[in-house]
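Here is a short report for you to read alongside the coordinates. Please keep the viewer open as you go.

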Amino acid sequence: MAFYDRLMSIDRRIIFLSVGLAVAIPLIVPLGIPVQISEEANSFYREMENLKEGDVILLTFDYEGDVMAELNPMTIAVLKHTFPRNIKIVALTTYAGGTGIAERILNEAAEAYGKTYGVDYVFLGYNPDWSGTILRLGESFKGTYPTDQYGKNTQEIPIMQDVETYDDIAMIVSIAGSALSEYWAIWAGGRYGVKVISGNTAIQAVLIYPYYQAGQIPGFLGGLKGAAEYEKLVDVPGLGIRGMDAQSVAHALMVAFIIIGNVGYFFARRAKKAEERKG
């Protein structure tokens with residue numbers, strides 16, 4: 001077999017193995033590929049930096065397991081940015097599947113930073129009426145959530161003593177795999193005047209730009225790249241940076257295979273024309 005035929009007929013098992021290694025190795029051993037910071041991520045970071053010790057933010061887990069790879073790194077980075085500065089977290093989820101995700105991430109971060117449930121953070125849980133929840137929180141947090149995720153009366157939870165409406169929180173951080181960030185901006189931000197920033201999947205981020213340009217969402221993170229940018233800004237390298245390393249290497253490898261195939265095709269066509277001329 002001529003070399004150009006070999007280039008055009010690489011065993012698919014070699015391709016699959018190469019792609020697998022290209023993804024796995026950077027996840028295990030970060031390569032440190034440079035991350036260029038976007039203005040949107042910078043704005044998100046600045047808003048988070050403006051928070052003061054003792055401030056309370058509403059962190060919403062507006063996603064489920066299908067987009068964890070993109071959004072978990074953002075949520076984890078938010079907690080790593082806030083807990084060390086003694087910023088308090090009131091968390092909730094607008095998705096049934098978000099409950100387990102929120103519990104795991106909150107508990108792991110709280111353990112890592114020595115935070116106490118009910119004092120430094122609280123998880124209100126899932127409410128199926130997401131639109132009503134957004135609006136009713138503007139009237140009463142404790143009325144909307146009489147109990148937290150674990151059945152404890154919110155009237156008795158220390159962190160909730162001074163949190164009654166949106167006026168009592170510094171900001172909403174919506175990490176969303178859908179249009180929920182837009183609704184937080186329209187209904188909570190527009191009606192009640194609370195600041196909303198967001199982290200979104202790459203496909204959803206396109207729809208956030210008009211809100212960002214209008215100042216309704218003054219900062220947002222877009223996809224895994226946004227997560228990596230935020231991790232870099234906070235200086236807490238995690239799954240976002242590792243994921244971008246893996247994604248970049250995998251993309252480069254696929255481009256390399258495409259080039260190899262085209263080189264093989266070029267020489268094969270050239271050889272065929274040479275044979276035709278001889279004939």
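The notes below cover the strands, the aromatic rings and a surface patch.

## Ground rules

This is a predicted model, in which local features need pLDDT of at least 70 and side-chain atom pairs count only at pLDDT 80 or more, while totals for chains, interfaces and linings use all residues. Residues are numbered from 1 along each chain as its sequence is written, and side-chain values use heavy atoms, with hydrogens and water left out.

Let's begin with strand E5 (residues 196-200), where five of the five residues are buried (under 20% relative accessible area, with exposed over 50% and partly exposed in between; 1.4 Å probe, protein chains only). Helices (H or I, at least four residues) and strands (E, at least two) are DSSP runs, numbered from the N terminus. In a regular strand, side chains alternate between the two faces of the sheet. In E5, Val196, Ser198 and Asn200 point one way, and Ile197 and Gly199 point the other way.

E5 pairs in the parallel sense with strand E4 (residues 171-176) over five bridges; pairing takes at least two DSSP bridges between two strands. Ser174 stands opposite Ser198 in this pairing. E5 also pairs in the parallel sense with strand E6 (residues 220-222), over three bridges, and here Asn200 stands opposite Gly222. The chain crosses from E5 to E6 through helix H9 (residues 202-213) in a right-handed β-α-β crossover, that is, clockwise from the first strand over the helix to the second when the strands point away from the viewer.

Strand E3 (residues 121-126) is largely enclosed by the rest of the structure because five of its six residues are buried. Four bridges join E3 to strand E2 (residues 88-93), and the two run parallel. Ile89 stands opposite Tyr121 in E3.

Which residues do ring pairs link into a cluster? They are Phe83, Tyr113, Tyr117, Tyr121 and Tyr150. Rings of Phe, Tyr and Trp (its six-membered ring) pair if their centres lie within 6.5 Å; planes under 30 degrees apart count as stacked, over 60 as edge-to-face and the rest as tilted. The whole structure holds 14 aromatic pairs. One of them, Tyr117 with Tyr121, is edge-to-face, at 5.1 Å centre to centre and 85° between the planes. Tyr121 counts as buried because its relative accessibility is 5%, whereas Tyr117, at 28%, counts as partly exposed.
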